[in-house]
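Please walk me through this structure in the viewer.

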Amino acid sequence: MVRIFKSVLAVLLAIVFIALLVSAYSQYQSVLLTAGLIDAASTITNDLVLNRLAHVEGFHAREYVLDVERISSLDFKEELGGDNFFFQIKLSYNPGAEMVLGPYGPSPPEGKPVSALSVPVSLYQNGRLTYAKLEVKVWRA
Amino acid sequence: MARLTECKLFREGGGVSDILSIAFMFLIVVLAGVLLHSYRYDAINSAANRQLQLKTEYLYRTLELSHVDDYTLSYLDAIAENVLGIAPQVVPGDYLRSRVDNALFYLRPPGYAVVLELTHENSSWVQVCPSDAGTPAPDVEKFIFSGKVTIIIAEAGENRVAQADASLTIFNWR
């Protein structure tokens with residue numbers, strides 16, 4: 001009787017251990033996906049500010065300076081590390097009487113994880129550079 | 001009689017070792033559970049910290065490039081002029097301080113305070129936003145971006161180049 005009890009207890013412990021491993025692995029996977037999504041938001045924001053939306057003077061793109069007119073040429077899709085991401089952007093400036101441009105791009109889907117990142121940028125408007133906030137929402141396709 | 005006692009002792013020893021091994025297995029399961037689940041959020045925290053470092057750099061660049069109201073001078077250039085003691089000042093010091101405060105308050109990440117510091121020799125400009133946040137404690141996690149602001153000063157004979165050291169710090173405040 002005691003021997004059966006010991007065997008059952010040992011099997012039970014082994015099952016608990018395997019269940020722990022499986023749950024930890026699946027959680028680790030979801031954590032990696034979330035961290036990947038956060039990094040994707042950073043990468044896409046960087047790409048927008050340094051290249052795709054950067055104000056062009058002659059043949060030179062001015063990094064960190066956004067040209068609103070270039071938003072119309074965006075396709076709001078980017079491939080990173082074999083994964084496809086969609087994004088939506090919004091610009092806000094003039095804190096006294098806040099002006100909001102956008103949102104531009106598709107709406108984030110319901111029930112899917114979305115990473116939102118807001119960064120300070122300079123906005124090129126009528127020959128002047130004013131500070132603004134660029135908000136980027138990113139999700140997996 | 002001696003053999004019986006030996007056998008009993010052996011059985012008792014076996015029982016104790018079984019209980020010990022099961023207790024040890026139980027301990028391993030508990031430890032493994034704790035270890036397997038303890039590091040799971042590190043990757044998310046690291047990614048969030050990378051975003052905060054990115055925001056710090058972007059805030060510095062924005063102040064470096066954006067013009068102060070209708071002046072054709074950026075925030076960092078205007079502060080550097082004040083720190084370097086260039087006269088006459090394009091943007092008056094008190095007015096500039098209020099404009100910088102407005103910009104920092106609008107641009108800072110929610111829940112975080114910003115310290116902007118420009119120094120040149122014995123002169124310095126330190127601005128904290130919100131003003132009641134104070135400077136960050138040594139044990140608080142900080143995100144710092146630093147650079148140099150270069151000003152060309154037109155003088156009678158020739159132009160002179162002067163540099164101020166600039167640093168921007170973001171830290172968790174509330």
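Select α3(B) and α4(B): the two helices cross with a left-handed sense. This is a predicted model. In chain B, α3 covers residues 75–84 and α4 covers residues 93–107. Their axes lie 11 Å apart, and the packing angle is about 145 degrees.

Now show side chains at this contact. On α3(B), pick Y75(B), A78(B), I79(B) and N82(B). On α4(B), pick G93(B), L96(B), V100(B) and A103(B). Color them by class: 6 are nonpolar, 2 are polar and none is charged.

Next stop, the sheet. Select the 4 strands of chain B in the order β2-β1-β4-β3. They form an open sheet with antiparallel pairing. Go to the edges: β2 (123–129) and β3 (142–154) of chain B each pair on one side only. Look along the sheet, and the twist from one strand to the next averages 15 degrees.

Zoom in on one pair. β1 of chain B, residues 112–120, runs antiparallel to β2(B) over 7 bridges. Pick V114(B); its bridge partner in β2(B) is C129(B).

Select α2 of chain B, residues 42–65. This helix touches β1, β3 and β4 (159–172) of chain B. Its direction makes about 15 degrees with that of β3(B). Then return to α3(B), which touches β1, β2, β3 and β4 of chain B. The direction of α3(B) makes about 70 degrees with that of β3(B).

Terms used: Residues are numbered from 1 along each chain as its sequence is written. Chains are lettered from A and ligands numbered from 1 in the order in which they are written. This is a predicted model: local features need pLDDT of at least 70, side-chain atom pairs count only at pLDDT 80 or more; totals for chains, interfaces and linings use all residues. Axes are lines fitted to C-alpha atoms, for helices over the stretch in contact, and angles run from 0 to 180 degrees between N-to-C directions. A crossing is left-handed if the near helix is turned anticlockwise from the far one by less than a right angle, and right-handed if clockwise. Two residues are in contact if their C-beta atoms, placed from the backbone, lie within 7 Å. Ala, Val, Leu, Ile, Met, Phe, Trp, Tyr, Cys and Pro count as nonpolar, Asp, Glu, Lys and Arg as charged, and the others, Gly among them, as polar. Two strands pair if DSSP finds at least two bridges between them.
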